[in-house]
Amino acid sequence: MIDMDKLADCILAARLDAKMPAQTEHWCGNTDIDDAYSVQINVLKGMERRRGGKVIGRKVGCTNQSARDLLGLNGPFHGALLSDTAMASPARIARSDYPFIVLEPEFALRLGKPLGPEGAPHTAESVAGAVDAVLPALEIVSSCHKDWTRAGPALVIADNGSSYGWVHGEPITDWDVDTLMNAEVTLHVDGDQVATGNAGNVDGGPLGVLAWLADRVALPAGAFVSTGTTTSVHFGNKGDQVKARFGKFGEVSVEIV
């Protein structure tokens, strides 16, 4: 029998006690998705007990094909955004605090009204009225697993969807669907543009991602939802100055020290 409590303990030891990489090879290929989300809940509870952070929203990962190709997955997954790893832009992070750093430029949505599975099926059109602000963001992705790209969907999900931090810009309350769906994104490192993208690069646009999530998870008013990378990702190194620009939706920057 596969011990899911032990899997949660391994992930927590890696995340909180610097016992990297987590000794999770035993569960690779032996864990189903429902069990993985149960482990994720226990990991979040453990981090809350130890660090005191609270869940402030959700991230959705692998919302475009390039991200799915990177991890060998066939669909999206979700994790939690935590208050103790959320930072306002401009932010400074230490390379030594993470096994590795991947930065993903993402549109985040703040809910003015609750959404959840009781209203399913949701569509991009039906959830738009629940959004009271759009924010530019950079998600900090990392992993406790020895081989992140081969861990498989269940272990990625169990490790809170590989979410290790979230940097956000100012909320934009004056927005409309057409402007959001046509928004262009550029990613810059040390002043050089290294990637381009747009809101339509995630499945169904940011509102389509929100609809997918609301079919599965209860989202209270005030929750943030980060909707997946809009460009190719940047593998961060010490000394990098990273900035993502989102047109009228502002910009967000991170320095890696």
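What is the volume of the second largest pocket? In this predicted model, the second largest pocket has a volume of about 180 Å³, while the largest pocket holds about 280 Å³ of space.

**The largest pocket**

- The largest pocket, with about 280 Å³ of space, is lined by 14 residues, and those closest to its centre are Arg 15, Arg 51, Asp 97, Tyr 98 and Tyr 164.
- Helix H1, which covers residues 4-17, gives the most to this lining, contributing four residues.
- Sorted by class, the lining of the largest pocket consists of seven nonpolar, two polar and five charged residues.

**The second largest pocket**

- Around the second largest pocket there are 19 lining residues, and Ala 67, Leu 70, Leu 71, Glu 104 and Val 233 are the ones that lie nearest its centre.
- At least two residues of this lining are supplied by each of strand E1 (55-61), helix H3 (65-71) and strand E6 (131-141), and the largest share, four residues, comes from H3.
- The lining of the second largest pocket divides by class into eight nonpolar, eight polar and three charged residues.

**Helix H1**

- From its first C-alpha to its last, H1 reaches 19 Å with its 14 residues, which is close to the 20 Å expected at 1.5 Å a residue.
- Helix H1 is mostly covered, since ten of its 14 residues are buried; among them are Met 4, Leu 7, Cys 10, Ile 11 and Leu 16.

- In general, the strands of a sheet pair through backbone hydrogen bonds, in either a parallel or an antiparallel arrangement.

**Backbone features in the loops**

- The peptide bond from Ser 89 to Pro 90 is cis, with omega near 0°, and Pro 90 is placed in the loop between strand E3 (86-88) and E4.
- A cis peptide bond with omega near 0° also runs from Ala 120 to Pro 121, where Pro 121 lies in the loop between strand E5 (102-111) and helix H4 (124-127).
- Ala 18, although not a glycine, has a positive phi of about 60°, and this residue lies in the loop between H1 and helix H2 (33-51); Ala 18 counts as exposed because its relative accessibility is 67%, and exposed means over 50%.
- Asn 160, another residue other than glycine, has a positive phi near 50° and is found in the loop between helix H5 (153-158) and strand E7 (163-168); with a relative accessibility of 0%, Asn 160 counts as buried.

Terms used: Residues are numbered from 1 along each chain as its sequence is written. This is a predicted model: local features need pLDDT of at least 70, side-chain atom pairs count only at pLDDT 80 or more; totals for chains, interfaces and linings use all residues. Side-chain values use heavy atoms; hydrogens and water are left out. On a 1 Å grid over the protein atoms alone, a cavity is a set of points where a 1.4 Å probe fits but cannot get out, and a pocket is an open set with protein on both sides within 12 Å along at least five of seven lines; lining residues have an atom within 4 Å of a point. Grid points are joined across faces, edges and corners, and a volume is the space filled by probe spheres set on the points. Ala, Val, Leu, Ile, Met, Phe, Trp, Tyr, Cys and Pro count as nonpolar, Asp, Glu, Lys and Arg as charged, and the others, Gly among them, as polar. The expected span of a helix is 1.5 Å times one less than its number of residues. Buried means under 20% relative accessible area, exposed over 50%, partly exposed in between (1.4 Å probe, protein chains only).
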